[in-house]
Amino acid sequence: MIVSIISLTVFASTAISIVDVVFSSETIAVGDSAPMVLTYKKPASKTIMTQVGESSGRGLGADFNLFQQASLPIGSGDLGGSIFGEIANERIIINEKTLWSGGVSQDENIDNGGNLLGKDANGKLQSDYYYDIRQALLDGDKKLTKSLFKQMRGDTSSKGAYQCFGNVYLNFGHKNVKNYNRNLNIDNAIASVSYNYQDTSFGREFLASNPDNVIAIKLTAVGGQKLNFTVNYPSLQGATVLAKDNYIESKGKVADNGLQFYSVLKVDTVDGQVQPYIDSLQVADCNEATIFLSVATDYNDNYPVYRTGETADELATRVVKTVDNAISKGYEAVKTDHIADYKALYDRMSVNFGAKQPKITTEQLLYRYPTVFLWKSERLYAEQLLFNYGRYLLISSSRENSKLPANLQGVWNGGNNALWGSDYHVNINLQMNYWPAYNTNLAECVTPLVEYVDKLREPGRVTAKTYTATKEELAANLPNEAYGFIANTECNPFGHTSPGEGKYAKALWSPAAVAWLLQNLYEGYEYGCDIDYLTQIYPIMKEAALYFERTMIVDPASGRLVTAPAYSPEHGPISLGNTYEQSLVWQLLTDTSTAAKTLGVDPDKVNLWQDMLSKLNPIEIGKSGQIKEWYNENYVIDLGKPFHRHTSHLLGLFPCDLMDKNVHPEWIDSVETSLNWRGTKSTGWAMGQRINTWARIGDGNKAYKMIKQLFTSGIYPNFFDAHPPFQIDGNFGYTSGVAEMLMQSNLGYIELLPALPSSWSKGEINGIVARGNFLLSFNWDNASLQNATITSNSGNTCVLRFDGASNFKVLDKDGNAISYLKLSGNQISFETEANKTYQICYI
Ligand code: FUC
Ligand code: CA
């Protein structure tokens with residue numbers, strides 16, 4: 001049925017015109033959701049790579065490129081596996097999220113979070129530079145401002161990097177196999193490889209279980225041949241590797257910081273034999289073999305030691321026990337529990353635009369996407385698959401019990417030299433990782449982020465003090481708590497919160513980053529309405545606000561209360577306030593005030609914050625009708641200049657609530673101008689961000705154009721997002737963007753289909769979550785809402801907005817009429833009771 005004339009040498013980066021046309025007028029029917037499976041007919045090493053990887057000249061090497069483009073990820077939150085599906089010698093990269101270099105070293109007790117304490121060679125404290133820069137800015141001395149800004153810096157020598165644990169190799173020696181398949185089924189979080197060799201079907205199944213904390217591999221041979229293979233488990237950490245009985249043990253310490261790690265891999269067979277040979281295991285003559293492994297380190301997120309305090313033996317015992325438990329439980333039980341655990345999260349929601357599972361591979365789907373050689377239902381499949389993949393990746397890299405949040409690559413890392421150390425970048429990336437969490441009903445997955453931000457407080461206070469303490473504050477010998485807390489652009493698991501150093505030092509000053517992270521955290525309350533949770537995060541918010549109370553000043557020229565120095569992410573320049581920092585401070589003070597009022601605390605603080613809010617004046621419109629990124633942006637914009645991936649001045653619209661289209665429609669027009677100006681093609685996450693912004697503008701077709709661009713230049717054959725290199729934020733940005741196109745809830749009401757593109761004129765979504773703790777399912781046809789079902793989990797008033805709302809009525813779940821109000825602006829409003837379900841249908 002599919003015309004297979006497109007050459008697979010057409011790379012996604014090749015300039016192919018993006019067209020809406022498909023090669024048939026296929027009728028789209030929305031029925032059962034298609035199974036969500038990434039499917040390949042070749043092992044990773046034979047995958048045709050896109051040119052948006054190695055060609056970027058990042059020097060990560062061919063092996064990393066293979067990992068980032070072609071391996072298939074499984075993950076339990078803290079454990080990650082990347083499956084290559086090689087025929088002769090299967091390879092699985094093994095990751096553990098806490099395996100980091102840097103931070104606290106063996107010799108010193110503390111690395112001071114990268115903060116440069118004390119006086120430098122010029123006899124100056126870092127905070128002296130801060131106040132000198134401010135003065136230079138006030139004096140309008142650009143040259144001095146620049147030179148001083150270069151001197152305000154941190155020490156990144158112990159920032160470290162996320163490490164790769166090692167690889168499992170299973171050497172079968174098979175070749176010339178038939179019917180090869182490699183799949184990642186994201187409906188049940190199982191990866192598999194199968195083929196026929198000689199007269200036998202060989203099968204491999206892979207999973208990463210959160211409840212059992214293991215990676216499990218089940219191998220089968222059905223036919224005349226048996227399983228005969230060698231297991232190797234070489235470490236990338238210089239581990240001591242020992243093979244004995246049926247296991248391989250791998251232990252040691254990360255070279256620079258002494259972080260202890262331990263892993264054990266055990267082979268379990270029903271028939272056949274397992275024998276150690278040097279550092280490998282020889283498995284012979286079985287029909288079935290199961291491999292279980294687990295990895296752990298003695299990392300603990302406790303400032304300033306960051307260690308559990310376990311001895312090497314205690315750590316080993318913990319891991320051995322985990323693996324032994326899995327073995328005695330058996331593969332089938334581990335698998336059953338894994339699927340149940342995964343589905344409890346994943347099955348909470350689904351979306352269906354009428355996709356059909358294609359007959360072509362995922363690799364072909366990607367390469368044909370920008371062309372006309374694709375059925376419409378296949379294009380929709382790619383879009384649904386990438387949406388669900390974002391949810392899969394979040395569940396697989398950030399669970400309630402995870403020790404750290406998802407990093408720049410989630411939990412997957414194919415080497416020790418990933419760009420930016422695969423760290424926690426907080427000038428957009430970590431925040432973006434959690435954008436889809438609440439509305440796609442994965443609130444639990446945010447828990448490690450909440451804990452991470454909480455744990456940044458202690459080191460972040462030192463950073464606030466080091467860089468911004470006044471002479472008076474220092475003389476008064478105040479406790480660290482008196483300074484508030486900040487973090488700058490690049491963070492690690494060891495409290496690295498200082499700005500950077502060297503060439504890029506200036507780009508790494510980003511004190512509003514914590515305010516942004518708290519926007520994510522406060523959303524948790526807006527969606528979940530849980531007062532206990534609000535009580536938990538409020539002190540963090542209040543402490544972050546304290547930093548701005550201390551450090552903001554009134555710019556005499558404008559009368560605006562500003563951060564000074566301010567720096568717009570990654571392209572500055574240094575200024576007295578900028579739209580990015582003012583918008584985030586606006587969000588923080590707004591949310592913190594609301595939180596204080598909700599909790600009935602700190603009325604004096606609320607007054608102070610309200611006063612500050614009234615002086616922020618974050619949004620100004622420029623000469624070309626753009627949102628100004630800098631307040632001194634007094635020029636007519638030059639199309640394409642500056643063409644930049646960051647659109648930090650537009651955060652007020654998304655993810656923040658500052659730009660309310662009902663109050664300031666002119667701001668929305670300006671966002672559109674700015675966004676058009678910054679262009680369509682960009683890096684992966686930047687395209688992901690643009691989808692969300694277009695969705696908030698309410699332009700579904702523009703958002704969809706961004707989606708097409710993302711598929712064309714920002715997605716690898718394994719559907720990982722390409723910055724390049726692989727950076728997972730773009731995956732999460734896409735999933736969030738699709739959800740925002742279908743429903744929004746940040747302006748005090750729930751808007752259905754706010755940015756529906758013409759390509760999704762028919763569809764349904766089940767289980768999307770709106771602020772106010774509502775769970776919604778709805779369907780549409782001809783771009784118009786048909787029916788909606790709403791479960792109210794907290795009993796709040798429900799205000800719905802959608803085209804044609806006045807033609808709809810509200811029923812309870814048994815079909816009895818419920819009284820509701822018709823409001824202007826296509827809104828209907830009704831009171832709800834907690835845990836009751838309501839229906840919205842045509843009158
Ligand atoms: C931000 C971005 C870069 C990159 C890095 C990890 O600083 O500006 O593009 O994504 O994070
Ligand atoms: Ca909000």
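Okay, Gln198 sits in the loop between β7 (190-197) and β8 (200-209), and strands and helices here are DSSP runs numbered from the N terminus, E over at least two residues for strands, H or I over at least four for helices. Quick housekeeping: this is a predicted model, where local features need pLDDT of at least 70 and side-chain atom pairs count only at pLDDT 80 or more, while totals for chains, interfaces and linings use all residues. Residues are numbered from 1 along each chain as its sequence is written, chains are lettered from A and ligands numbered from 1 in the order in which they are written, and side-chain values use heavy atoms, with hydrogens and water left out.

Back to Gln198. Its phi is near 55°, a positive value in a residue other than glycine. Most residues other than glycine have a negative phi, and most peptide bonds are trans. Is Gln198 buried or exposed? Its relative accessibility is 54%, so Gln198 counts as exposed; the cut-offs are under 20% relative accessible area for buried, over 50% for exposed, and partly exposed in between, with a 1.4 Å probe and protein chains only.

Asn835 is another one to look at. It has a positive phi of about 65° although it is not a glycine, and it lies in the loop between β32 (827-830) and β33 (836-842). Asn835 is exposed, at a relative accessible area of 59%.

Now step into strand β8, where you'll find Arg204. Arg204 has a relative accessible area of 3%, so it is buried. What does the side chain of Arg204 make a polar contact with? That would be the side chain of Glu90, at 2.9 Å. By polar contact I mean a pair of N or O atoms within 3.5 Å; within protein, one must be able to donate a hydrogen and the other to accept it, and residues adjacent in sequence count only if both atoms are side-chain atoms.

On to the ligands. Ligand 1 is surrounded by Leu408, Trp420, His425, Asn427, Asn429, Glu570, Arg645, His646, Trp685, His723 and Gln727, where near means that a heavy atom of the residue lies within 4 Å. That shell divides into three nonpolar, six polar and two charged residues. For the classes, Ala, Val, Leu, Ile, Met, Phe, Trp, Tyr, Cys and Pro count as nonpolar, Asp, Glu, Lys and Arg as charged, and the others, Gly among them, as polar.

For Glu570, a polar side-chain atom is 2.4 Å from an oxygen atom of ligand 1. For Asn429 the corresponding distance is 3.0 Å, and for Asn427, from an N or O atom of the side chain, 3.4 Å. Taken alone, ligand 1 exposes 280 Å², and the protein buries 98% of that; the areas are Shrake-Rupley with a 1.4 Å probe, and for residues only the protein chains shown count as cover.

One of the shell residues, His723, is joined to Pro724 by a cis peptide bond with omega about -15°. Pro724 lies in the loop between α18 (700-713) and α19. Helix α19 itself covers residues 729-742, and its 14 residues should span 20 Å at 1.5 Å a residue, which agrees with end C-alpha atoms 20 Å apart. The expected span is 1.5 Å times one less than the number of residues. As for cover, 14 of the 14 residues of α19 are buried.

At the start of α14, a side-chain oxygen of Asn578 reaches to within 3.1 Å of the backbone nitrogen of Tyr580. After the helix comes Gly600, with a positive phi near 70°.

Asp657 has 14% relative accessibility, so it counts as buried. Pro655 is found in the loop between α15 and α16 as well, and a cis peptide bond joins it to Phe654, with omega about 5°.
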